[in-house]
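Hello,

Here is the structure I promised to pass on to you. My notes on its salt bridges follow below.

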Amino acid sequence: MSRKIVIVGGVAGGATAAARLRRLSEDDEIIMFERGEYISFANCGLPYYIGGVIKSRDKLLVQTKQGMEERYNLKIHNFTEVVSIDRESKEVLCTNVNSNESFRQSYDKLILSPGADPIKPPIKGIDTCKNLFTLRNIPDMDSIHSFIKENNVIDSVVIGVGFIGVEMSDELNKKDKDVTLVEILPNILGLAFDKELADEAEQVLQNRGVKIKTSTGVKEL
């Protein structure tokens with residue numbers, strides 16, 4: 001018996017789930033909603049396009065909306081946000097973020113993979129700073145890339161040093177920027193590696209000219 005399956009969110013979680021579901025059944029109707037434009041892209045490659053290692057922006061796009069619809073027989077709504085769920089009637093309320101038009105979509109099964117927004121700590125000045133960027137998706141990447149290209153960027157600061165922060169600082173450093181890492185934990189990559197490996201990573205970055213300030217919080221921008 002075929003089912004109507006609604007997936008909220010694309011990229012790594014939602015798009016992968018949609019592809020897997022189609023392999024499991026050719027009969028199910030699979031509908032995916034993505035708030036942004038891009039339904040499947042290589043998150044880990046974002047810093048490397050900014051740094052110039054990845055030359056073509058298109059290489060980051062794993063699947064386009066049209067390509068994925070045709071390959072997996074899906075119905076995909078990008079630029080569409082699911083704003084509420086009616087569990088009794090098994091419907092979701094959806095809104096197009098460009099036109100503000102809303103509609104309801106029924107489902108038999110619902111998968112939630114909405115992702116997240118970058119965390120912005122309650123730092124004084126963070127909401128008014130004009131040269132502050134987050135890096136989580138393609139539009140974020142485009143904003144940083146354009147700003148560096150159009151402005152005489154000399155100094156850059158990376159706040160929070162997980163994988164993306166380390167990669168971003170290394171790529172900015174390769175572009176001859178004066179880079180400082182600021183991390184409130186005692187080590188960079190402290191949530192991913194033990195101290196021994198984290199110390200090695202710090203040493204590599206410092207040898208390349210990156211300044212590192214650990215156990216340091218940002219008070220104001």
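A word on terms before the details: buried means under 20% relative accessible area, exposed means over 50%, and partly exposed is in between (1.4 Å probe, protein chains only). The model is predicted, so local features need pLDDT of at least 70 and side-chain atom pairs count only at pLDDT 80 or more, while totals for chains, interfaces and linings use all residues. Residues are numbered from 1 along each chain as its sequence is written, and side-chain values use heavy atoms, with hydrogens and water left out.

There are ten salt bridges in the structure, each being a side-chain nitrogen of Lys or Arg within 4 Å of a carboxyl oxygen of Asp or Glu.

One of them joins aspartate 28 to arginine 3, at 2.8 Å from N to O. Aspartate 28 sits in the loop between helix H1 (11-24) and strand E2 (29-33), and arginine 3 in the segment before strand E1 (4-8), so this pair ties together parts that are 25 residues apart in sequence. Helices (H or I, at least four residues) and strands (E, at least two) are DSSP runs, numbered from the N terminus. Aspartate 28 is buried, at 4% relative accessible area, whereas arginine 3 is partly exposed at 35%.

Another salt bridge, at 3.1 Å from N to O, pairs lysine 174 with glutamate 171. Both belong to helix H5 (residues 163-174) and are three residues apart, about one turn of the helix. Lysine 174 is partly exposed, with 48% relative accessibility, but glutamate 171 is buried at 1%. These two also take part in a network of salt bridges with Asp170 and Arg208.

Best wishes
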